[in-house]
Amino acid sequence: MKPVKVGICGLGTVGGGTFNVLQRNAEEIARRIGRGIEVVQIATRQPNPRCDTGSITITDDVFAVVSNPDIDIVVELIGGYTLALELVLKAIENGKHVVTANKALIAVHGNEIFARAREKGVIVAFEASVAGGIPVIKAIREGLAGNRINWLAGIINGTGNFILTEMREKGRTFEDVLKEAQELGYAEADPTFDVEGIDAAHKLTILASIAFGIPLQFDKAYTEGISQLTTADVNYAEALGYRIKHLGVARRTEAGIELRVHPTLIPADRLIANVNGVMNAVMVNGDAVGSTLYYGAGAGMEPTASAVVADLVDVARALSADPSNHVPPLAFQHDALSAHPILPVSDCESAYYLRIQAKDHPGVLAQVATILSQHGINIESIMQKEAEEHDGLVPVILVTHRVVEERIDNAISALETLDDVIGKVVRIRVEQLN
Ligand code: HSE
C-alpha cells in the first residue's frame, strides 16, 4: 500500500521531534498502520539543525503545505491563534486531515474547527495539546468511554510545576527557576501563560469537554496564578500535611460544571502531590472505574512528538473509514453535547486554607472562629504560630471543611474588618482528591 503523505508546518522543538520520531520509528509505525508515513513537505522559517531532512521539499510558506494536492494530513506545529487558525481552516477546506499540538487554538476555536471538519468529513486530532506525551485525551475519550466522569484534576503545566518544585525543594526564587524553564524550552512564548494558569486553563477546557461532553468554553474557565505564592504558605502547608500544586480542576455538580485553575493544597501522601519537576499528571474519576492517574512528561521535544505521531497513526488508520464512524473529537456525538452550564467561581465548592496575620491579643482566635461560624464555615484544623519577630504579629493558619466560595469570600471580608487582623487574609483552595 502507498504511504500516507504528511506535511509538517513548523520545525521547531515539537516539529523537529515529530520529524525525527517519524524517521527513527518508521518501520514500527508502518507495522502498526499497515502502510508507511512519508513526510513530503515541511514549512519552516529556518532549518532545524537536529533534523536531517534530506531531499524533502522545504518551504517558508505554510499555505504551500495546506494547498499541496499530494498531502493527506497536515501537522500544525506553529502555535499561536491567528495564523494557525487560518492554516487549519484552509487545510480542512482543502479536504486534509489535521494533527495539531495547539491547545490555545483548540480551547478557543475548537468548536468552529470541529464543525468545519465534520462538514468536510476530515479528522482534527489534538492529543499533543494536553499534557504532552501523556495519552490522556485518548484515555478519557476511548478508554473511559463506559464511565460517567465525575471529576478530573491535573498538574498540566510543566513550567509551573517545575517552579513550585524548585522553590519548595531548593528554596530557589521564582524568577530564577522560570528563566531555567525558558532555557529548557518548556515555557510558553509568553511565560505569563504558564505562571498565571492560562496554558493550564486551555488544557483543562479541552479535558472538561471530553470528560463531560460539553462545548469548549475557555472564556468561562477561572484562572489564578502562582506568582503570589509565598514560601511561608508553602512551609505552613507542609506542616499541615499538604503540598501546594498548581491544579486544574473540572468537576460535575448538579448545578453545573466547575472549571478552575489555581494553587491548591493537596494531602502530601496523594500520588499526584508527589509529581515533581516538569512532569504532568491527571487524575480522572469515573463512576465505574473510580480514580485513575495518568503521569508522564507534559512538554519537551520527543514526549510531545510521541503524541503527535500517535495521532498520525490514528488518522492514517481511519483514512478509509466512513466519516460517520470517526471517533468524535470531543468524545460525544456533536448533536449530543450537553448545555450543562459552567459555574462562576463564586458558586464552586472546595475547602480552604486561610492565613490570618493577627495582633497577639486575648480573644482574637475567638473572634475569627465566631465570624467563620456566622458564615456557616466549619473549621477542620487550626494552627497558631509564635509572634513574628519583625512585626509581633501572630500567623493564624486554618483549614476549613468544604464550603461554597461566595461564603468564604464574605467571611474573609468580615475578618479583614477586625481591628486585630492586619492586612489581607491569604486564601488557598484545598482539594482532598478522594
Ligand atoms: N508551557 C507548557 C508547559 C508546554 O510548561 O507545560 C506544554 O504545553
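**Close-up 1. Leucine 433 lies in the segment after strand E17 (426-430).** Helices (H or I, at least four residues) and strands (E, at least two) are DSSP runs, numbered from the N terminus. The model is predicted: local features need pLDDT of at least 70, side-chain atom pairs count only at pLDDT 80 or more, and totals for chains, interfaces and linings use all residues. Residues are numbered from 1 along each chain as its sequence is written, and side-chain values use heavy atoms, leaving out hydrogens and water. Leucine 433 has phi near 55 degrees, a positive value in a residue other than glycine. With 8% relative accessibility, leucine 433 counts as buried (under 20% relative accessible area; exposed is over 50%, partly exposed in between; 1.4 Å probe, protein chains only).

**Close-up 2. Alanine 131 sits in the loop between E6 and H6.** Its phi is near 60 degrees. That is a positive value in a residue other than glycine. Alanine 131 has 0% relative accessibility, so this residue counts as buried.

**Close-up 3. The count of aromatic pairs comes to one.** Rings of Phe, Tyr and Trp (its six-membered ring) pair if their centres lie within 6.5 Å; planes under 30 degrees apart are stacked, over 60 edge-to-face, and the rest tilted. Phenylalanine 114 and phenylalanine 126 have ring centres 5.3 Å apart and planes at 35 degrees, so the pair is tilted. Phenylalanine 114 belongs to helix H5 (residues 103-120), and phenylalanine 126 to the loop between strand E6 (124-125) and helix H6 (136-143), so the pair ties together parts twelve residues apart in sequence. Phenylalanine 114 is buried at 6% relative accessibility. Phenylalanine 126 is buried too, with a relative accessible area of 1%.

**Close-up 4. Arginine 141 lies over the face of phenylalanine 126.** The distance to the ring centre is 5.5 Å. A charge sits over a ring if NZ of Lys or CZ of Arg is within 6 Å of the ring centre and within 35 degrees of the ring normal.

**Close-up 5. Helix H2 (residues 26-33) packs with helix H12 (residues 301-318).** The angle is about 35 degrees, and the axes are 10 Å apart. Axes are lines fitted to C-alpha atoms, for helices over the stretch in contact; angles run from 0 to 180 degrees between N-to-C directions. H2 passes H12 in a right-handed crossing (near helix turned clockwise from the far one by less than a right angle; anticlockwise is left-handed). Ile29, Arg32 and Ile33 of H2 make the contact with Val309, Val313, Ala316 and Arg317 of H12 (heavy atoms within 4.5 Å).
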